[in-house]
Amino acid sequence: MMRGSLLPRCSNSIFPPPPNSNRLQPPSLKRLSAPTAASSGAQSRLTFSQNYRTAPNRLRCSVSESQWKQDREMATGDEQQDPRIAGISSAIRVIPNFPKPGIMFQDITTMLLDTKAFKDTIDLFVERYRDKNISVVAGVEARGKPNKLPGEVISEEYSLEYGTDKMEMHVGAVEAGERALVIDDLIATGGTLCAAVKLLERVGVNVVECACVIELLGLKGRERLGDRPLFVLVNAT
Amino acid sequence: MFAAENGLKSDPRLQGISEAIRVVPHFPKQGLNSSLVFFFGVWLFNYFCCCGCCLTGIMFQDITTLLLDHKAFKDTVDIFVDRYRGMNISVVAGVEARGFVFGPAIALAIGAKFVPLRKPRKLPGEVISEAYELEYGTDCLEIHVGAVQSGERAIVIDDLVATGGTLSAAIRLLERVGAEVIECACVIGVREVKGQCRLNGKPLYILVEPRQIDNCC
């Protein structure tokens with residue numbers, strides 16, 4: 001059964017405020033640095049840095065040329081940063097040399113352990129898109145994966161540093177004319193996001209904006225998206 | 001236990017959720033010599049001998065159509081949230097990959113951490129691994145060291161429970177790091193897993209049963 005047409009709707013956050021959560025402590029950063037006693041069969045692949053970041057992150061909300069000039073409350077400069085950004089940035093762990101030497105991997109799983117940082121991340125995006133008549137949020141799978149979706153799909157190939165990869169979307173999941181948001185945890189070269197945008201545009205969807213938690217500066221991801229708007233919470237170098 | 005027998009009898013939301021799930025025959029494709037094909041095929045043969053053409057096929061329960069139905073998706077999350085909100089749960093562990101679709105929403109709503117349980121070599125930090133058996137061969141689930149503290153109360157979430165192999169591995173992983181697994185929650189599941197309504201002694205909470213397609217092939 002495929003869904004019928006979806007009317008665009010403005011969603012209020014589906015998340016009520018968490019219950020009295022005094023008992024829930026955000027994880028101590030130190031604790032995550034100290035491995036627990038290895039039980040038999042534990043496989044330890046990497047020892048990670050005691051510090052959460054080995055390179056300072058420039059913290060800012062950045063918005064490319066966007067038609068939403070009214071959203072000035074989201075900071076466009078360093079002087080006017082939402083106070084929640086600092087907590088989000090510091091909750092992201094940097095793992096050096098993963099998945100290969102020379103890469104500083106931005107690990108968002110630690111942010112998922114910090115209930116406030118996670119909620120703030122979602123809230124920042126929800127506040128921005130709540131009243132923008134978005135009917136589709138398209139989420140990207142890491143490093144594009146063919147052959148995962150069970151129904152009929154359309155595919156978009158895109159370039160990697162060596163070779164190509166393929167991203168797929170279910171036929172009929174979206175309708176021409178819908179307004180969509182594309183979301184991923186991080187933009188680097190922009191190849192994955194571009195493939196996602198193209199997939200949606202091929203079926204007539206209007207991709208209103210791309211949204212990422214992290215932008216890796218210096219890899220020209222923003223340029224690869226061209227004039228398509230990009231909104232990020234945190235920059236990393 | 002099924003939601004319909006545990007306080008949600010005749011809840012109209014359950015029917016909407018069930019109907020929003022698409023059944024895709026023969027996925028992964030017939031003839032693929034993969035452990036996954038045999039894994040689901042044997043399971044389905046045992047439970048869904050509906051017609052000759054489907055005997056060797058797979059009735060894949062596709063939750064992506066549920067995600068397109070805003071009401072059904074919200075209802076799914078709401079039912080789990082209503083159940084777990086008052087139970088002092090501080091960890092929601094989601095099994096890759098479709099557990100990632102429901103888990104974070106539940107975690108955010110109940111104020112718990114979300115912990116992804118992933119296939120090997122996906123998590124960047126130091127991990128603990130738990131192997132489990134497939135019909136042919138083995139697979140492995142991993143969790144970040146330090147993601148869960150000893151004594152935390154946890155639930156495990158996945159889209160579907162079949163033989164329970166993956167969920168059992170998830171329970172073992174969490175118990176190895178000292179968590180107390182309160183329950184396993186799945187959108188879709190069969191009435192009994194290996195003749196039991198519990199898994200590793202832990203209760204199972206399931207919203208709907210798998211559907212067959214209306215017209216075979």
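Colleague: Is T110(A) buried or exposed?

Modeller: Please keep in mind that this is a predicted model. T110(A) has a relative accessible area of 4%. The cut-off for buried is under 20%, so T110(A) counts as buried.

Colleague: Which helix does T110(A) lie in?

Modeller: T110(A) belongs to helix α3 of chain A, which covers residues 109-113.

Colleague: And what lies 2.6 Å from a polar atom of its side chain?

Modeller: That is the backbone oxygen of A91(A), at 2.6 Å from a polar atom of the T110(A) side chain.

Colleague: How confident is the predictor about chain A?

Modeller: The mean pLDDT of chain A is 75, and 65% of the residues score at least 70. Among the elements of chain A, helix α4 (residues 115-129) has the highest mean, 98, whereas helix α1 (residues 29-33) has the lowest, 34.

Colleague: Where does pLDDT stay under 50 in chain A?

Modeller: Residues 1-78 of chain A stay under 50. For these residues the model has 179 contacts beyond four places in sequence.

Colleague: Let us turn to charges. How many salt bridges are there over all chains?

Modeller: A search of the whole structure gives 23. As background, side chains of opposite charge can pair when their charged atoms come close.

Colleague: Which residue forms a salt bridge with R84(A)?

Modeller: The partner is D82(A), with the closest N and O atoms 2.9 Å apart. R84(A) is buried because its relative accessible area is 18%, and D82(A) is buried as well, at 13%. A network of salt bridges links D82(A), R84(A) and E127(A).

Colleague: What about chain B? Which side chain meets R118(B) in a salt bridge?

Modeller: E96(B) does, at 2.8 Å from N to O. E96(B) lies in the loop between β3 and α5 (99-110) of chain B, and R118(B) in the loop between β4 and β5 (127-133) of chain B, so the pair ties together parts that are 22 residues apart in sequence. Both residues, E96(B) and R118(B), are buried.

Colleague: E96(B) also meets K122(B). How many residues apart are they?

Modeller: The side chains of E96(B) and K122(B) form a salt bridge of 3.2 Å, N to O. This pair links distant parts of the chain, 26 residues apart, with K122(B) in the loop between β4 and β5 of chain B. E96(B) is buried, with a relative accessible area of 13%, whereas K122(B) counts as partly exposed because its value is 25%.

Colleague: Now the sheet in chain B: in what order do its six strands come?

Modeller: The order is β4-β3-β7-β8-β10-β9; the sheet is open and the pairing is mixed. The edge strands are β4 (113-117) and β9 (198-199) of chain B, each of which pairs on one side only.

Colleague: How many bridges join β3 to β7 in chain B, and do they run parallel or antiparallel?

Modeller: Four bridges join β3 (residues 91-95) to β7 (residues 153-161) of chain B, and these strands run parallel. Within this pairing, V91(B) stands opposite A154(B).

Colleague: Finally, which residues of chain B does UniProt list for the phosphoribosyltransferase domain?

Modeller: An unreviewed UniProt entry gives residues 79-191 of chain B for "domain: Phosphoribosyltransferase". In the model, that span is 27% helix and 38% strand, with its end C-alpha atoms 19 Å apart.

Colleague: And where does UniProt place that feature in chain A?

Modeller: There the record, also an unreviewed entry, places "domain: Phosphoribosyltransferase" at residues 153-215 of chain A. Over those residues the chain is 19% helix and 52% strand, and the end C-alpha atoms are 29 Å apart.

Definitions and conventions
Residues numbered from 1 in each chain as written. Chains lettered and ligands numbered in written order. Predicted model: local features only at pLDDT ≥ 70, side-chain atom pairs only at ≥ 80, totals over all residues. Heavy atoms only, no water. UniProt positions renumbered as here; feature names shortened; annotations may be inferred. Helix = DSSP H or I, 4+ residues; strand = E, 2+ residues; numbered from the N terminus. Pairing = 2+ DSSP bridges. Salt bridge = Lys/Arg side-chain N within 4 Å of Asp/Glu carboxyl O. Buried < 20%, exposed > 50% of the residue type's maximum accessible area, 1.4 Å probe, protein only. Polar contact = N/O pair within 3.5 Å; in protein donor to acceptor, adjacent residues only side chain to side chain. pLDDT = per-residue confidence, 0-100. Contact = heavy atoms within 4.5 Å.
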